[in-house]
Amino acid sequence: MSNEVEERTGGGSIEDMGPVDYLVIEFPGNRMTGEGFPLLVDLVDRGVIRILDLVFVRKDADGSVMAVELRDLGDEVDLSVFEGASSGLLDQGDIDDAGVALQPGNSAGIIVYENTWAAPFARAMRRAGAQLVAAGRIPVQSLLATLDAFEDPTDGR
């Protein structure tokens with residue numbers, strides 16, 4: 001399995017990799033402005049992350065979910081820099097799972113990326129015998145709600 005993962009992720013040992021995350025970013029009404037894509041390219045160019053997979057999907061009104069080719073997304077956004085960003089780690093089951101989170105008539109980008117900034121730390125921890133036993137994310141909406149409640153003088157604090 002290790003050799004297969006190494007081949008799919010562009011070489012190097014799986015033990016040398018940083019943590020791998022994914023994002024599913026929904027675009028209401030299938031409307032992508034492309035505003036965030038230069039920032040994504042910048043993260044890659046600076047070596048902060050490495051894109052392993054980038055897939056765009058669309059959820060039709062009937063609930064069916066299908067992958068969309070980058071060239072079929074329209075002329076509004078130039079995504080040619082992401083052409084070929086596929087390690088094969090995402091499969092149809094992953095696409096279907098992402099589609100469950102989408103509203104009908106919307107599209108999404110699914111990004112699987114390595115946190116290359118954390119690779120040296122991860123390697124050091126592995127050499128020391130440590131292992132990651134839990135991870136998670138706190139949604140921005142939850143952070144904002146907590147901060148709003150903390151700052152609200154009527155909440156009794």
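Helix 5 covers residues 140-151, and at 1.5 Å a residue its 12 residues should span 16 Å; the end C-alpha atoms lie 16 Å apart, so expectation and model agree. The model is predicted. Helix 5 is hardly covered: among its 12 residues, the count of buried ones is zero.

**Nonpolar cores**
- The largest nonpolar core holds 13 residues. Phe37, Leu40, Ile51, Leu54, Phe56 and Ile111 have the most contacts inside it.
- Helix 2 (37-45), strand 2 (50-59) and strand 4 (107-114) each give two or more residues to this core. Strand 2 supplies the largest share, three residues.
- Beyond neighbours within four places in sequence, Ile111 is in contact with Asp21, Tyr22, Leu23, Ile25, Leu40, Ile51, Asp53 and Leu54.
- Another core, of 12 residues, lies apart from the largest one; Leu52, Val57, Leu90 and Val112 are among its members.

**Salt bridges**
- The whole structure contains four salt bridges.
- Asp21 and Arg137 form one of them, at 2.5 Å from N to O. This pair links distant parts of the chain, 116 residues apart: Asp21 sits in strand 1 (residues 20-27), Arg137 in the loop between helix 4 (119-127) and helix 5. Asp21 is partly exposed at 22% relative accessible area, while Arg137 is exposed at 58%.
- Arg46 bridges to Asp42, with the closest N and O atoms 2.9 Å apart. Arg46 counts as exposed at 55% relative accessibility; Asp42, at 32%, is partly exposed.
- Asp60 and Arg58 meet through their side chains at 3.2 Å, N to O, in a salt bridge. Asp60 is partly exposed at 23%, and Arg58 is partly exposed at 28%.

Key: Residues numbered from 1 in each chain as written. Predicted model: local features only at pLDDT ≥ 70, side-chain atom pairs only at ≥ 80, totals over all residues. Heavy atoms only, no water. Helix = DSSP H or I, 4+ residues; strand = E, 2+ residues; numbered from the N terminus. Expected span 1.5 Å × (residues − 1). Buried < 20%, exposed > 50% of the residue type's maximum accessible area, 1.4 Å probe, protein only. Core = buried A, V, L, I, M, F, W, Y, C linked by side-chain atoms within 4.5 Å. Contact = heavy atoms within 4.5 Å.
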